[in-house]
Amino acid sequence: MKNGCQVENKIDHSDFWKKAAITALIAAFFAVLLFMALCAVLYITPFGDKTFLYEDMKQQYVDFFSYYSNVFHGKDGFFYSDNCGLGAKMLGIWAYYLISPFLLMFVLIPDSYYPVAVTFLIMLKLAAMAGTGSVFFSYISDKFPVEQEFGRVKRQDENGWASGLFNCIGLSNIIASVAFAFSGWMIANMTNIMWLDAVIMMPVVLIGLFMMMRDEKRGRIIYVVSVMIMVVMNYYIAAMVLMFVGLLAVLLCFGGIYENGIRRFFEFIAATLGSLLLDAWFLIPTAMSLMGSNKDHSGKMASAFAKYLPSSEAIGKYISPIAVLPKLFSMSYDSLEIMEGMPNIYFGAALIIPCVLFFFNKAIGRKTKVLMGIYLLVIMMFFCIKPLNTLAHGGTEAYGYLYRYSFVFSFVCVTLVYLNLVNYKGIDLKGVLISGGIAVVLFAIAFLSKPGFIGNKAWVVNAGVLCAVEVLLIALSCGRNIVNMGALAILAIVLTVDISMNFICIYRNSSMNAETETGYMAKCEETRATLEDIRSEEDYALGMEWYRIESTSPRTPNDSLHFGYPGTTTYNSLLKVENRLFMYRLGFNDNGLYTMYEEGNTRCADAILGIRYIMNGVDYEKREALSAEFTTGDKIPELLECIEDTKNPFEAQEMLWNRFTGRDDEVFKEAECLQLNEGDNEADDKGSADTCIYEIHPKISGKLYFYMNRDTRADRSLEIYVNGEFTSGYGNASCQKVLDLGYFDEGKAVTLEIRAADGIEGLPDGMVVVTEDLGILEGVFTD
């Protein structure tokens, strides 16, 4: 009887795609089974009240799904939406967030059930990822009969004891496919749902690449079409995939793997450019939509970021490869990694030794080992060298998640694991022992680097996993039929436990501020009920004027887009900087990502923005306001030029009020401010380097408002006290806005104290304190 992995050298490809599809379905099924089991263990909906509504899934994507549904039901615009901030063109939103075919389910599902829908959306994408990965692994094990092309994989004897899918090749395929679907990058980014589609397509693109390199029938067509689809599904991650596919093509063409390497390389370049050219209908409008957005740091946009708006970019840095090693191990998720962490390269601690063993497998050609070793080294260089990392992100700094392409490293490692396992005859005891020793060294280096994000229990678990896998590989090297399959089956179980613990670790660390299903549903019902009351108002129904609606407690900054009403705030990566800057110049806070409407600014600000209704939970307040037509998105650039020379938000608001009404009102009366001290230059016991005390005398009775400009974009941690009572922090991305100090009578002395809690001497700028003359505003509306 032949060995469980031994097959005839002659390869029959007639039923390859059928068997590959069946194997892919099995891999996808196991991915679904594992994902749903983990949801049940963690009490995630539909098995409990917990959800995947955290981070950007909570803040952005669910609202975009609702907008997606609204468009399909004729309740919002496809190309332009009045409900996206001050009004915005939407093509960029569609291109970056909403092209995925998986989203069609949201057309049929009411938004109250989105928490459950999101769970199934993530499940489907992870299953698809396991499926396409499985097809790729089937291809490289079935289509490469030449040793220097990833080893000589020997087909299972059809009359053997383990034929068809139930052999070491099929089991290895499922192990590798599920491992990639549950790798660290995937699980850490499973709520960045739009990125996953391009990764799902990556194995198909690679199949097309290899078919084209080997002059197989329809290879070029498969490559061109798969690249086209990948780019449309998510151009951003697709660009990263193509960069690393290009690096692989260079190694394949000039590394001695193929003859006529130069010709093949130019064929690859031509096919890639052809794909992009065929996508020009999509890419050109998308590129135009990016102009002036948060992704555009050129011209006026660069000036706006440099002069006014704070930055939330996660600045890249040079790092040591040693610092990256801990991320190979299970439960290495870093709660700070969004802005400061290491690359997510985990692909299963149980697969580290099989990955290293690839380089000691005697059945795999030396050229292949050298090529893959160089490829991994190049990817690591992108992690460690700041300019390369910036290049991989399109030449800009990322807004969080510094290493968005680290899934490439994991996929390459999983591929090496698969090639090692299916080339079973090349594994010997010596190679297993050497690989185990190298894994121990990696473990020791990672442990001694003392990363704060892995606890002692996690290190013990990882050590146990490595020991168990080493024993299994020793058994696998013995070459007995039943032992081979048994060892692989137990390896699959160990890997399942490994990736499950990693999944649980990531979810628990990421979901601390997750929205519950009941909380989400309750907020949706509350908002809809209030909106129904507002829309029953006679003047709203008549539509004689267009007004905006705002909420003092929105579910997210994208509430207006979600529920289909005109507002002022939105949060997305394609947000126009002009809209963001305009709101900031009117005195609303910018947190580095978006500028949000908050209560506490002046009534004049509300009036010129056309905010007629303020929702307060289940109730609402109706106010007089100008038409929102004055401040629609297309008019913002002109309005910014109008207020360019104003010194503070009060001047800007007054100038716009008079522009819109055709009047010449003095809306704000600046209070008399007397400084009572010169500032303390030595830090006190509270850490303050400066404490400036002022006596304020309002010129009229009314609400007193405070503002102090930034020192360019520099963050400060100031504390504002009014009559000895703490009022607010000030000066950083959490609070740089018009402050309502309270109602004070004309002439009454008010003590204002500003403490520099950051230990920096001096204040960023001179303050301005005003009282708003509501009589002027009310007079205009009563007239």
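## The lining of the largest pocket

The lining of the largest pocket is made up of 15 nonpolar, 14 polar and five charged residues. Here nonpolar covers Ala, Val, Leu, Ile, Met, Phe, Trp, Tyr, Cys and Pro, charged covers Asp, Glu, Lys and Arg, and polar covers the others, Gly among them. This is a predicted model, where local features need pLDDT of at least 70 and side-chain atom pairs pLDDT 80 or more, while totals for chains, interfaces and linings use all residues. Residues are numbered from 1 along each chain, and side-chain values use heavy atoms, leaving out hydrogens and water.

A pocket is an open set of points on a 1 Å grid over the protein atoms alone, with protein on both sides within 12 Å along at least five of seven lines; lining residues have an atom within 4 Å of a point. The largest one has a volume of about 780 Å³, volume being the space filled by probe spheres set on the points, which are joined across faces, edges and corners. Glu55, Asp56, Ile338, Tyr401 and Tyr571 lie nearest its centre. Helix α2 (55-72) supplies at least two lining residues, as do α3 (91-97) and α21 (481-510), and α2 gives the most, with six. Helices are DSSP runs (H or I, at least four residues), numbered from the N terminus.

A cavity is a set of grid points where a 1.4 Å probe fits but cannot get out.
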